[in-house]
Amino acid sequence: MIGVGHYLVVAAALFSLGVLGLLTRRNAVSVLMSIELILNAANVNLVAFSRYSAGGLGGQVFAAFVIVVAAAEVAVALAIVLTLYRLRRTPNLDDADILKG
Amino acid sequence: MSGEAVVFWVFAALTLGSAAVVVLSRTLIYSAFALLATFFGVAALYVLLGADFLAATQLLIYVGGILVLLLFGVMLTHRIHDLDLRSGAIQPASGVIVALGLFVILAALALKTEWPAAERLPAPTTAEIGRLFLGKFLLPFEAASVLLLVALMGAALIVRRRRDA
């Protein structure tokens, strides 16, 4: 019998993989992909709680808002990455040290 | 094992396996296409959880929008013709330790807690979600629309080439 715990463990694994990518990747677009993994893990949690509780569909509505914010986030982040690439000719985050004194 | 369990484990394995490829692949374009499989796996998990509207939204927005945007990002920041899309990793050992510790803590928390066992029967959700959007969640709904407008205008402003610079 599949319960809420199974979904939470899968979401925890997805979240940890996203954190691993966030910590170890040096390419800006890879880091964006890792953030998408993390947001998806949070969404799986929200939908699982919405299914296995008597609270109605609030969790699914919240997950829809997370998807909207993820779309806005990736648009702005890609704009920043493209501007960085235009300035430095590299997508590596190590080279984004323009603000360093 | 029941049919639901088999389907759950198949799609959980698909999701986590392709997510591992996203994070660990050394070639950026493979990461982008593995992300496609991850999004499909998560959409399948939504279907299993009875969230039909969210599964369709996931496919439309993530696969049709965000993934295409990320592929544009890959193409515009790398020279695609010489296939030099290497994406190296820094400090992999400490990253693995942190991620593994986080997973152990979260999984232990999820398995040790007694979750309430009330189960909602699967039913079509689209009409009810629409009612919630335009009723109880009207203010966040409008705020999200303003957020999207501002974010898209900001993104266009950031990438614009300035004449005077």
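This is a predicted model: local features need pLDDT of at least 70, side-chain atom pairs count only at pLDDT 80 or more; totals for chains, interfaces and linings use all residues.
1. The contact draws 58 residues from chain A and 69 residues from chain B. On the side of chain A that touches chain B, the elements giving two or more residues are helix 1 (4-24), helix 2 (28-51) and helix 3 (58-88) of chain A. Helix 3 of chain A supplies the largest share, 20 residues. By class, this side of chain A has 42 nonpolar, 12 polar and four charged residues.

2. Helix 3 of chain A has 31 residues. From first C-alpha to last, the helix reaches 44 Å, close to the 45 Å expected at 1.5 Å a residue. Arg89(A) follows helix 3 of chain A and has a positive phi, near 55°.

3. The buried residues of helix 3 of chain A include Gly59(A), Val61(A), Ile67(A), Val74(A), Leu78(A) and Val81(A). Within chain A, the buried residues of this helix pack against helix 2; in chain B, they pack against helix 3 (52-77), helix 5 (126-133) and helix 6 (138-159).

4. Helix 2 of chain A also packs with helix 2 (residues 28-48) of chain B, at an angle of about 5° and with the axes 11 Å apart. Because angles under 35 degrees count as roughly parallel, helix 2 of chain A is roughly parallel to helix 2 of chain B.

5. Among the residues that meet between these two helices are Val29(A), Met33(A), Leu37(A) and Val44(A) in helix 2 of chain A, and Leu28(B), Leu35(B), Val42(B) and Tyr46(B) in helix 2 of chain B. The residues of this contact divide into 10 nonpolar, four polar and one charged.

Terms used
Residues are numbered from 1 along each chain as its sequence is written. Chains are lettered from A and ligands numbered from 1 in the order in which they are written. Two residues are in contact if their C-beta atoms, placed from the backbone, lie within 7 Å. Helices (H or I, at least four residues) and strands (E, at least two) are DSSP runs, numbered from the N terminus. Ala, Val, Leu, Ile, Met, Phe, Trp, Tyr, Cys and Pro count as nonpolar, Asp, Glu, Lys and Arg as charged, and the others, Gly among them, as polar. The expected span of a helix is 1.5 Å times one less than its number of residues. A residue is buried if 20 or more other C-beta atoms lie within 10 Å of its own, exposed if 12 or fewer, and partly exposed in between; C-beta atoms are placed from the backbone. Axes are lines fitted to C-alpha atoms, for helices over the stretch in contact, and angles run from 0 to 180 degrees between N-to-C directions. Angles under 35 degrees count as roughly parallel, over 145 as roughly antiparallel, 65 to 115 as roughly perpendicular and the rest as oblique.
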